[in-house]
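Subject: Handover of a structure

Dear colleague,

Please find the structure below, with its sequence. My notes on what was found in it follow.

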Amino acid sequence: MSYAIKHFKTITKHRHEVIKNCKKAGILWQGLFHDLSKYSLTEFLPGAKYFQGTRSPNDKAREELGYSIAWMHHMGRNRHHFEYWRDYSPVHKGFMVPVKMPLNYTVEMFCDRVAASKIYQGENYTDSSAYDYFMAAKHRRVGMIHEETSDTIEELLFMLKNEGEEKTFAHIRKLMKDFRNDKKRKHNR
């Protein structure tokens, strides 16, 4: 089977897993639009070229080229990636700083990370997989992700690790309900 077909199957399987997670989290509509940019030529062609099946093709592209054009395209269009949430600081002129992610995108990031762990780890997946992966790279994210966003995603992944999917998604649905109610209250002022 060609790498293009294997890559298509992998990203589609991943996307469907994210949609399932987003439904459990109470953000199904958002999940339906998750990662559609991966089917664009800018992302799909490098993904097929560097496909391995056990990790992101973007990692292989970085090893060969020193960068991943697919990843730069992807993170600039998908708000569930913390790398999207950077802007020039009004306080520290000329410097880019991380911006706190809205909760709905942090939750989508959670759903994405759990789905990616399931797809890439297959039968070796456990509820601690996404947490372990996130924590292993924590030192590399300092200054790149807003501290509150980092704390929130870490707390959710830790809860998944220790309490399982059912309790974690129930907790997330409550957080999302409160988030939506807060938005409505602010809008009605």
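Asn104 is in contact (heavy atoms within 4.5 Å) with Ile27, Gln30, Met176 and Phe179, leaving aside its neighbours within four places in sequence. Asn104 lies in helix 6; helices (H or I, at least four residues) and strands (E, at least two) are DSSP runs, numbered from the N terminus. With a relative accessible area of 14%, Asn104 is buried. Here buried means under 20% relative accessible area, exposed over 50%, and partly exposed in between (1.4 Å probe, protein chains only).

Please note that this is a predicted model, in which local features need pLDDT of at least 70 and side-chain atom pairs count only at pLDDT 80 or more, while totals for chains, interfaces and linings use all residues. Residues are numbered from 1 along each chain as its sequence is written, and side-chain values use heavy atoms, with hydrogens and water left out.

Helix 9 (residues 147-187) deserves a separate paragraph. A straight helix of 41 residues would span 60 Å at 1.5 Å a residue, whereas helix 9 spans only 26 Å between its end C-alpha atoms. The expected span is 1.5 Å times one less than the number of residues. At Gly164, helix 9 bends by about 130°, the bend being the angle between axes fitted to the seven residues ending there and the seven starting there.

Helix 9 is also among the elements that cover the buried residues of helix 7, as are helix 6 and helix 8. Those buried residues in helix 7 are Ser129, Ala130, Tyr131 and Phe134.

The next topic is the largest pocket, which has a volume of about 1300 Å³. A pocket is found on a 1 Å grid over the protein atoms alone, as an open set of points where a 1.4 Å probe fits, with protein on both sides within 12 Å along at least five of seven lines; lining residues have an atom within 4 Å of a point. Grid points are joined across faces, edges and corners, and the volume is the space filled by probe spheres set on the points. Of the 42 residues that line the largest pocket, Ser56, Asp59, Trp71, His81 and Tyr133 are the closest to its centre. Helix 6 gives the most to this lining, with seven residues. By class, the lining has 16 nonpolar, 14 polar and twelve charged residues. Ala, Val, Leu, Ile, Met, Phe, Trp, Tyr, Cys and Pro count as nonpolar, Asp, Glu, Lys and Arg as charged, and the others, Gly among them, as polar.

- His7, in helix 1, is buried at a relative accessible area of 6%. Beyond four places in sequence, His7 is in contact with Glu43, Phe44, Gly47, Ala48, Phe51 and Pro57.
- Thr42, in helix 3, is partly exposed, with a relative accessible area of 35%. Its contacts, leaving aside neighbours within four places in sequence, are Ile69, Ala70 and His73.
- Phe82 is placed in the loop between helix 5 and strand 1 (86-88), and counts as buried at 6% relative accessibility. Phe82 and Arg141 are 59 residues apart in sequence and 9.7 Å apart in space, C-alpha to C-alpha; Arg141 is one of the residues that Phe82 touches.
- Asp35 has a positive phi of about 60° although it is not a glycine. Asp35 sits in the loop between helix 2 (28-32) and helix 3, and is buried, with a relative accessible area of 2%.

Yours sincerely
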